[in-house]
Amino acid sequence: MLVAPGTLTWAQAASGSRLGCPRPRGGTDSCTAGPLALARDLLAEGGEPFFVLNSDVICEFPFAALAQFHRRHGGEGSIVVTRVEEPAKYGVVVSEPDSGRICRFVEKPRVFVSNKINAGLYIFSPGILQRIQLRPTSIEKEIFPAMAQDGQLYAMELQGFWMDIGQPKDFLTGMCMYLQALRAQHPEKLHSGPGVVGNVLVDPSAKIGANCVIGPNVTIGAGVVVEDGVRIKRCTVLQGARIRSHSWLESCIVGWSCSVGQWVRMENVTVLGEDVIVNDELYLNGANVLPHKSIAESVPEPRIIM
């Protein structure tokens, strides 16, 4: 069973009920536990532990190791933690060094108490569901502290890379980290050939034209067409997009079914939503374009196009 509360708002889960999910000050979601209560019967079926993931993180996802760790300590919950260089920017997790049992959480500590933060990967036994009421509830601020106080929450330290990819620039950084990990562990999955530079991942159904230079740090999705003479680096190009000839893309996210014209230059974390059309010979600098738009003039300064 895989649940991703970061992708399921309370309003979506409630399917039109009057229970809303307000976004509190500070930008964090207050509904990260509520959807678990809605799925209580399904998650409790069989009595087996279940995973819960934040939808905006990337790492190597150590599911087998996390499940083994959870079975070994026998508590209600296990969370994955990762080390950071500047813990004062985060809420940190303080745990026993030997057992991993979590003692407490400290929000943005002024003095050093820990350099480990919640990485957004969890495994829970069904008993946790008895703690969650059918209302908007923060798992981080309400449920976890109570579990820690009862000695029922444990921390497993993540090995390898981790990145919060909730913002476009961080998404691209996370993509680079993922490709580097792929290079180290499964280099055969990366694309190679004429014009390929560094770590590049290309779906087998994608088509790349002549005299292109692709990479480093590029992912190209299913059904993508890259025409002749295109230069792409540090970009994600999603399924069904088309990049026409002699265009130049750096640090961009190109959405599903987009069309980028000939001799276009896009850079500086330009993001195209689904089904965006960019006309020929335009310059996009840090543009964030909402879905189903047609761009007929250059965007020389970063802005949102609605």
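Ser251 is found in strand β17, which spans residues 248-254. The model is predicted. With a relative accessibility of 11%, Ser251 counts as buried, because the cut-off for that class is under 20% relative accessible area. Leaving aside residues up to four places away in sequence, Ser251 touches Leu172, Lys233, Arg234, Cys235, Glu267, Asn268, Val269 and Thr270.

A charge over a ring also occurs in the model: Arg265 lies over the face of Trp248, at 3.8 Å from the ring centre.

**Aromatic pairs**

The count of aromatic pairs comes to seven. Two of the pairs are set out below.

| Pair | Distance between ring centres | Angle between planes | Class |
|---|---|---|---|
| Phe50 and Phe124 | 6.1 Å | 70° | edge-to-face |
| Tyr122 and Phe144 | 5.1 Å | 80° | edge-to-face |

The planes of Phe50 and Phe124 stand at 70°, so this pair is edge-to-face; the cut-off for that class is over 60 degrees. Phe50 lies in strand β2 (residues 50-53) and Phe124 in strand β7 (residues 116-124), so their pairing ties together parts that are 74 residues apart in sequence. Both Phe50 and Phe124 are buried.

For Tyr122 and Phe144 the angle is 80°, so that pair is edge-to-face too. Tyr122 lies in strand β7 and Phe144 in helix α5 (residues 139-149), so a strand and a helix are tied together by residues 22 apart in sequence. Tyr122 counts as buried at 1% relative accessibility, and Phe144 is buried with a relative accessible area of 0%.

Ring pairs link Phe50, Phe105, Tyr122, Phe124 and Phe144 into a cluster.

**Annotated region and Gly100**

An unreviewed UniProt entry carries the annotation "domain: Nucleotidyl transferase" for residues 32-179.

Gly100 is placed in the loop between β5 (91-95) and β6 (102-107). Apart from residues up to four places away in sequence, Gly100 touches Ser95, Leu153, Tyr154 and Ala155.

Key:
Residues numbered from 1 in each chain as written. Predicted model: local features only at pLDDT ≥ 70, side-chain atom pairs only at ≥ 80, totals over all residues. Heavy atoms only, no water. Phe/Tyr/Trp six-rings, centres within 6.5 Å; stacked < 30°, edge-to-face > 60°. Helix = DSSP H or I, 4+ residues; strand = E, 2+ residues; numbered from the N terminus. Buried < 20%, exposed > 50% of the residue type's maximum accessible area, 1.4 Å probe, protein only. Lys NZ or Arg CZ within 6 Å of the ring centre and 35° of its normal. Contact = heavy atoms within 4.5 Å. UniProt positions renumbered as here; feature names shortened; annotations may be inferred.
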